[in-house]
Amino acid sequence: MNKPTQLFKGEVFLESNLHLLVNRYTEDFIVPFHAHDFIEFCYVAEGKGFHHIENETIPVSKGQLFAIPVGISHVFRPTSPDSISDPLIVYNCLFDSHMVEQLIVILQDQPIREHLTELETSTLSYYSIFDRDGSIESLMQMLYREISVPRIGSTTMLHTLLSQLIVTVYRQKHTEAGKTATQFADFTQVIQYLERNLAETITLSDLAQMSKWSIRHLQRMFHRQTGQSFGSFLQNLRVQKSCEFLRISEHKVSSIAEFVGYHDIDSFNGVFKKIVGKTPTEYRKIYKS
């Protein structure tokens with residue numbers, strides 16, 4: 001099922017004189033699946049959740065940064081609607097083509113300038129890196145403070161900090177250990193397999209056969225990449241997908257339960273309410289209203 005996508009425009013989100021916005025947002029289930037006509041760097045500052053991007057669902061946790069080119073559809077979702085005790089908090093750094101033109105004058109290295117142009121023209125796919133030394137988080141915090149409380153020289157400082165962020169992200173993208181990148185890519189394939197087969201009974205043995213990893217290694221990978229056990233992750237993924245069906249379709253709750261692998265409606269209702277805090281019917285009514 002194709003997700004309906006809204007277009008977020010820079011003229012609405014970005015300050016016209018800066019062509020830039022940096023915010024710190026607690027993710028929820030309200031923001032729609034969307035694309036935008038500006039570049040976005042998203043940094044996970046706190047918590048865990050899921051990043052629905054194009055046709056993928058990627059588990060996220062503190063320290064991950066996603067570079068989102070113009071036109072790529074995505075949305076973040078927390079693992080729980082309880083934004084107080086279990087928040088997913090993301091720094092968003094948004095800038096448009098006008099800012100790109102200004103940065104290209106500042107940035108002296110041709111590969112980085114070309115990289116920025118590729119993000120602007122959508123000739124590069126989205127990608128993610130991990131902030132291993134805290135440098136990206138530090139830059140995001142400084143950008144957020146500078147744009148939240150403007151002072152003399154703030155415009156110059158913002159251009160400088162944004163340039164540092166772009167260079168730092170570019171460096172990390174091109175220097176991360178190949179083994180880690182390969183393992184993450186392989187684990188992403190495991191997640192994609194789960195998404196495609198949610199209606200089926202899936203076990204760790206099935207995943208081990210598919211991935212060629214041992215069950216013990218898979219268990220370690222789930223804890224390392226998602227912060228959850230396989231069972232908890234699969235349960236949350238099924239509820240996340242059912243929330244999507246409840247929002248964008250008119251299917252009966254019993255049908256949606258089967259779509260995501262629950263053949264007993266009472267079990268589905270119980271798990272859904274435990275994670276979301278409301279029954280599927282209540283959730284749909286609130287969203288539709």
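Just after helix H3, Ser-122 adopts a positive phi of about 65°. The model is predicted, with local features requiring pLDDT of at least 70 and side-chain atom pairs counted only at pLDDT 80 or more, while totals for chains, interfaces and linings use all residues. Residues are numbered from 1 along each chain as its sequence is written, and side-chain values use heavy atoms, without hydrogens and water.

Helix H3 covers residues 110–121 (helices are DSSP runs of H or I with at least four residues, strands runs of E with at least two, numbered from the N terminus). Its 12 residues should span 16 Å at 1.5 Å a residue, which agrees with the 16 Å between its end C-alpha atoms; the expected span is 1.5 Å times one less than the number of residues. Ile-112, His-115, Leu-116 and Leu-119 are the buried residues of H3 (buried: under 20% relative accessible area, 1.4 Å probe, protein chains only). They lie on the same side of H3 because their arc around the axis is only 95°, taken from the directions from the helix axis to the C-beta atoms. Among the elements covering them are strand S4 (39–46), helix H2 (97–106) and H5.

Ser-211 is located in helix H7 (residues 204–211) and counts as buried because its relative accessibility is 17%. A polar atom of the Ser-211 side chain lies 2.8 Å from the backbone oxygen of Leu-207, and one lies 3.2 Å from the backbone nitrogen of Trp-213. Not counting residues up to four places away in sequence, Ser-211 touches Val-190 and Leu-218 (contact: heavy atoms within 4.5 Å).

How values were computed. Buried means under 20% relative accessible area, exposed over 50%, partly exposed in between (1.4 Å probe, protein chains only). A polar contact is a pair of N or O atoms within 3.5 Å; within protein, one must be able to donate a hydrogen and the other to accept it, and residues adjacent in sequence count only if both atoms are side-chain atoms.
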